[in-house]
Amino acid sequence: MRPRFSSFVAHSSSSSSPTDRRLNALARHLIAENSDPSSAMAPVSASPTSASNGLDSVFAHIVQAPEDPILGVTVAYNKDPSPIKMNLGVGAYRTEEGKPVVLNAVRKAEQLLVNDVSRVKEYLPIVGLAEFNKLSAKLILGADSPAIQQNRVTTVQCLSGTGSLRVGGEFLAKHYHERTILIPQPTWGNHIKVFNLSGLNVKFYRYYDPETRGLNFQGLLEDFESAPSGSIVLLHACAHNPTGVDPTPDQWDQIKQLIRSKSLLPFFDSAYQGFASGSLDADAQPIRMFAADGGELLVAQSYAKNMGLYGERVGALTIVCKAADVASRVESQLKLVIRPMYSNPPIHGASIVATILRDRNLYDEWTVELKAMADRIISMRQQLFDAIQSRGTPGDWSHIIKQIGMFTFTGLNSQQVAFMTKEYHIYMTSDGRISMAGLSSRTVPHLADAIHAAVTGGV
């Protein structure tokens, strides 16, 4: 319904003078304020909802949710005014100066996209950008992969690694005969929520050994052996989060043989390809080992870490099937999962990835930058280990240099973590996981001092 204005306002609205238009807007504002005769007499008061403190809200029963255990670390860090504070909780790469970084290859790819006047902002298909999907499958499975050559692979663009896991989980809950998924203990906290909400039943398998701060390989094998036939198994492709503990190549081979003999279905989470060792091929080797035997598997890929595209939310879900016609039918059902979830994915981040992967010069520049990031993290591990050793801190700290990837599972307990936060303004998750990317040569001594104090009686 159109608002009622006085004849003055109606007449003035046809005026073309800027001054008249401003007067017209003021007149409408004044008339609207005085349209209710009682408004001039009515005292100013808070809204009913605020006056009742929200008790009459239909959402009044809702309780305050706790902060996410990982993202909440950053919230607490941001509130700390200390000039020496350190945030070792965030899973994002930082430079030696502690700054976020945009890779040169990414900037160049974006410039190419901006300069391409033929580009439009139309919707992508449900499965995403076709070139991105094709190149992502080659990156993770290898360009010479028999599965790709035989068209036994379907890849769909998703919302980074998390979205890829969710789409894969929901697809399996709807179409796979077994709803049990085994995930490592411990694992990235979001895995549990993602798969539960996907409709799968989450169970755990032994992975980390607190005594050795390494892999509980025997426990892992025993849990796989006793799992119901056909169970889904979540595997971290490399740089296990949060522990930084990966199986050796020989252990991976034993894991593959057991999984295949028990008809378990491997679902890889690949969040750090190239970011762990600095080699894209080496970090993808466990996945390629499984794909080479002709069996089926799922892979969730993320470009957040290895291309620094955190906020672009770029990822892919690849499913390797035993036959081309099966892969085609699988893709048709993946569309039915994606369509009501988010309809189709965004175009910009996927276009950046496709541009880099298709252009040999950009690809080469990216791999150099990627190795430099991986090498800096490896250097931080060595520097931290050396600093702890030089302080004579009790215990064996060799796990810091044996683990790999962005995170280190320090072995510190929650009380020690709380002490370090209170006394040294160092923020990390309560399980003692720290992001090595958050360290620099300048801040390593402060962290080593804090660890030493926590271990030698601070708590």
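A nonpolar core is a set of buried Ala, Val, Leu, Ile, Met, Phe, Trp, Tyr and Cys residues joined through side-chain atoms within 4.5 Å. Buried means under 20% relative accessible area, exposed means over 50%, and partly exposed lies in between (1.4 Å probe, protein chains only).

The structure described here is a predicted model, in which local features need pLDDT of at least 70, side-chain atom pairs count only at pLDDT 80 or more, and totals for chains, interfaces and linings use all residues. Residues are numbered from 1 along each chain as its sequence is written, and side-chain values use heavy atoms, with hydrogens and water left out.

**Overall make-up**

The protein has 18 helices and 13 strands. Helices (H or I, at least four residues) and strands (E, at least two) are DSSP runs, numbered from the N terminus. Of the 459 residues, 49% are buried. The protein exposes about 22,300 Å², and carbon and sulfur atoms supply 55% of that area. Accessible areas come from the Shrake-Rupley method with a 1.4 Å probe; for residues, only the protein chains shown count as cover.

A contact means heavy atoms within 4.5 Å. Among contacts with a separation of 6 or more, 75% are between residues 24 or more positions apart.

In soluble globular proteins, nonpolar side chains tend to be buried together. The largest nonpolar core in this model has 63 residues, and those with the most contacts inside it are Phe132, Tyr303, Trp366, Leu384, Met420, Leu439 and Leu447. At least two residues of this core come from each of helix H5 (104-115), helix H6 (130-141), strand S10 (314-320), helix H14 (348-358), helix H15 (360-390), helix H17 (414-424) and helix H18 (444-458). H15 gives the most to this core, with ten residues. Domain 1 (69-102 + 374-457) and domain 2 (123-358) each provide at least three residues of this core; the domain bounds come from an automatic or database domain assignment.

Leaving aside residues up to four places away in sequence, Trp366 touches Leu103, Ala105, Leu139, Leu280, Asn306, Met307, Ile356 and Leu357. A second, separate core has 35 residues, including Ala137, Tyr208, Trp252 and Phe409.

**Helix H8**

Helix H8 covers residues 160-175; at 1.5 Å a residue, its 16 residues should span 22 Å, which agrees with the 23 Å between its end C-alpha atoms. The expected span is 1.5 Å times one less than the number of residues. H8 is mostly covered, with twelve of its 16 residues buried. Among the buried residues of H8 are Ser160, Gly161, Leu165, Val167, Phe171 and Leu172.

**Strand residues**

Ile232 is in strand S7. Which residues does Ile232 touch, not counting those up to four places away in sequence? They are Leu172, Tyr176, Glu178, Thr180, Ile181, Leu182, Leu200, Leu265 and Phe267. The C-alpha atoms of Ile232 and Phe267 are separated by 6.8 Å, although these residues are 35 residues apart along the chain.

Gln301 is found in strand S9 (residues 297-302).

**Loops and backbone**

Most residues other than glycine have a negative phi, and most peptide bonds are trans. Ala239, in the loop between S7 and H11, has a positive phi near 50°. Ser263 has a positive phi near 55° and lies in the loop between H11 and strand S8 (265-270).

The peptide bond from Gln185 to Pro186 is cis, with omega near 5°. Pro186 lies in the loop between strand S3 (180-185) and helix H9 (189-198). A cis peptide bond also joins Asn241 and Pro242, with omega about 20°. Pro242 lies in the loop between strand S7 (232-236) and helix H11 (249-261).

**Cysteines and accessibility**

How many disulfides does a search of the whole structure find? The search finds zero disulfides, a disulfide being a pair of cysteine sulfur atoms within 2.5 Å. The table lists the relative accessibility of two cysteines and of other residues named above.

| Residue | Relative accessibility | Class |
|---|---|---|
| Cys158 | 0% | buried |
| Cys321 | 2% | buried |
| Ile232 | 0% | buried |
| Ala239 | 3% | buried |
| Gln301 | 2% | buried |
| Ser263 | 46% | partly exposed |
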